[in-house]
Amino acid sequence: MEAANISSTSEIRIPSDPMLQIIGQEEAVRIGRMVGSQRRNLLLVGPPGTGKSMLAQAIASTLPKPKQEVLILHNPEKPERPIVQVKTTSAKKNEKKPQGELLDPTMVPAYISEKLGFRCRRCARLSSPDASSCYFCGADKYKKMRGPFEDLLIGAGAPEREERVHTTRVREGKEELVVFERRGDRIALLTQKELMKMAEMQQKMQFKVLLSLNRPTFVQATGASETELLGDVRHDPYGSHPAIGSLPYTRVVPGAVHEAHEGVLFVDELSSLGKLQRFILTAMQEKQYPISGRNQSSTGSSVRVDSVPSDFILVAAVNINDMQLILPPLRSRILGNGYELLMNTHMTDNEENRAKLVQFLAQEIVRDGRIPHADAGAIEQMINYARKKAKEIDGVGGLTLRLRTLSGTIKMAGDIAASNGRLSITAEDVKFAVLNSKSVEEQATEKYGSWYKASLADYGMKKEKGGTEVG
Ligand SMILES: Nc1ncnc2c1ncn2[C@@H]1O[C@H](COP(=O)(O)OP(=O)(O)OP(=O)(O)O)[C@@H](O)[C@H]1O
Ligand SMILES: [Mg+2]
């Protein structure tokens, strides 16, 4: 689509794939996809606002869901050495549950088979609980039959199918609790004895889920402290008293290197981590990292969990000037199993790229959610602004890819349009925003002539200087 033919950003179809939302960084996207599918590492170098964080997130979105659940088990022989257990999804499915007596749906009371989704409430015939409507009469099996007044009493449309039904039965003159549980196309009857055994089993198995299966595949290590990066064992003031203290395994906390297991660990400003880079290197090499209490004065410091998995894809971002602050073995490790990539700062000013810029504007507007779409005039002004910025910052002809700046401008223009009750952003709104979206440095230069003079003014230096001159 040609940018010139578009009359509003509302006409743009925004791709749902986060990778395709990244514009002007074709090489980065190509490599990013490979990094995800081949599980390599990636070092992104480039100025602010060019899409480094965006790419890291897009890579994470291409990864499959985690398959390993990581548990921390109580170690009865040595509580301060809890044990790690890694469970794969397939193993989890085969976990043993107390069997109970397996019954055919025809053998249980009618109200039980109704609640479990087998029996139709209208025609009373039985069908698979996976089908939401009756195979025979078409009635909705999950909704209660509506009497004349029931609409007032029951939330309309709420599904009524249940996993299990608790009830009582009388055996040998005594009333006892029983549970009917849906198991595929059969029903399990669990007696009081079996229910007690289940509760006992749960109590005996003392564990905590450290990394759940539904964890995100994107983990960002921000300004990382050692504990944030590598985990910790929390302090318990009563730790040495077995009767009132909490068991060590309950106090184990994962670090970012663990949370990113099977996903992406994104480290923004890698150089600012300083010496912590060494730990990342170790975790990457070993694909596991022990968790121990990091505060020497804490009761947690005597606790250690070995072999906690940390098999992540490292995506790190760095400013070009800080390259030399990257730990050399870490950099060579990334290169040895991955890529280094310099982000583009601008793109050629042609029809295709102008259309991409319009896609970007549409994305920003939709993502913001509080501003109206941009009309043709506003689009043209934004393209001009992208040209101006490429010239101003990079001294080149083209369209800038320092897109955070542009994102700020279109949002400001959108705010002006919205506050004036307009249904779209116009050229005037963009012009106003461009004039007013100046950085503090630019504003100061305008007000005081230079940034240096402005900083003197800020500290009251001008006045003092004036004073000495008079004196
Ligand atoms: N290539 C791009 N395509 C589309 N949108 C972009 C692109 N680059 C930046 N943006 C927009 O600018 C915002 C900031 O980008 P992002 O956070 O990815 O930049 P960054 O390179 O990580 O910057 P920093 O170095 O400051 O962390 C994004 O949320 C997005 O709205
Ligand atoms: Mg970033």
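**Strand 1 and its partners**

I looked up strand 1 in this predicted model and found that it pairs in the parallel sense with strand 16 (residues 338–342) over five bridges. I took strands (E, at least two residues) and helices (H or I, at least four) as DSSP runs, numbered from the N terminus. Two strands count as paired if DSSP finds at least two bridges between them. Strand 1 also pairs with strand 15 in the parallel sense, over four bridges. Leu 42 has Tyr 339 as its bridge partner in strand 16 and Val 315 as its bridge partner in strand 15.

I then checked burial, where a residue is buried with 20 or more other C-beta atoms within 10 Å of its own, exposed with 12 or fewer, and partly exposed in between, the C-beta atoms being placed from the backbone. Five of the five residues of strand 1 (residues 41–45) are buried, so the strand is largely enclosed by the rest of the structure. Asn 41, Leu 43 and Val 45 point one way, Leu 42 and Leu 44 the other.

**Ile 313**

I moved to Ile 313, which is in strand 15 (residues 313–318). Ile 313 counts as buried because it has 25 C-beta neighbours inside 10 Å. For contacts I used C-beta atoms, placed from the backbone, within 7 Å of each other. Leaving out residues up to four places away in sequence, Ile 313 touches Val 35, Arg 39, Arg 40, Asn 41 and Val 264. Arg 40 is 273 residues from Ile 313 in sequence, yet their C-alpha atoms are 6.1 Å apart.

**Val 264 and the cores**

I followed the contact to Val 264. Beyond its neighbours within four places in sequence, Val 264 is in contact with residues including Ala 56, Leu 63, Phe 218, Phe 312 and Val 315. I defined a nonpolar core as a set of buried Ala, Val, Leu, Ile, Met, Phe, Trp, Tyr and Cys residues joined through C-beta atoms within 7 Å. The largest core has 84 residues, and Val 264 and Leu 265 touch the most other members. Helix 12 (residues 376–394) gives the most to this core, with seven residues. Domain 1 (3–24 + 345–437) and domain 2 (34–87 + 206–342) both contribute, so the core lies between them; the bounds come from an automatic or database domain assignment. A second, separate core has six residues, among them Ile 112 and Phe 180.

**Ligand 1**

I counted a residue as near the ligand if its C-beta atom, placed from the backbone, lies within 6 Å of it. Ligand 1 is surrounded by 20 residues, the closest being Pro 48, Gly 51, Lys 52, Ser 53 and Met 54. Helix 2 (52–61), helix 11 (351–368) and helix 13 (403–419) each give two or more residues to this shell. Ligand 1 lies between domain 1 and domain 2, because both give residues to its shell.

Glu 269 sits in the loop between strand 12 (264–267) and helix 9 (277–286), and Ser 307 in the loop between strand 14 (304–305) and strand 15. Glu 269 is partly exposed, with 14 other C-beta atoms within 10 Å.

**Conventions**

Residues are numbered from 1 along each chain as its sequence is written, and chains are lettered from A and ligands numbered from 1 in the order in which they are written. In this predicted model, local features need pLDDT of at least 70 and side-chain atom pairs count only at pLDDT 80 or more, while totals for chains, interfaces and linings use all residues.

Definitions and conventions: Two residues are in contact if their C-beta atoms, placed from the backbone, lie within 7 Å.
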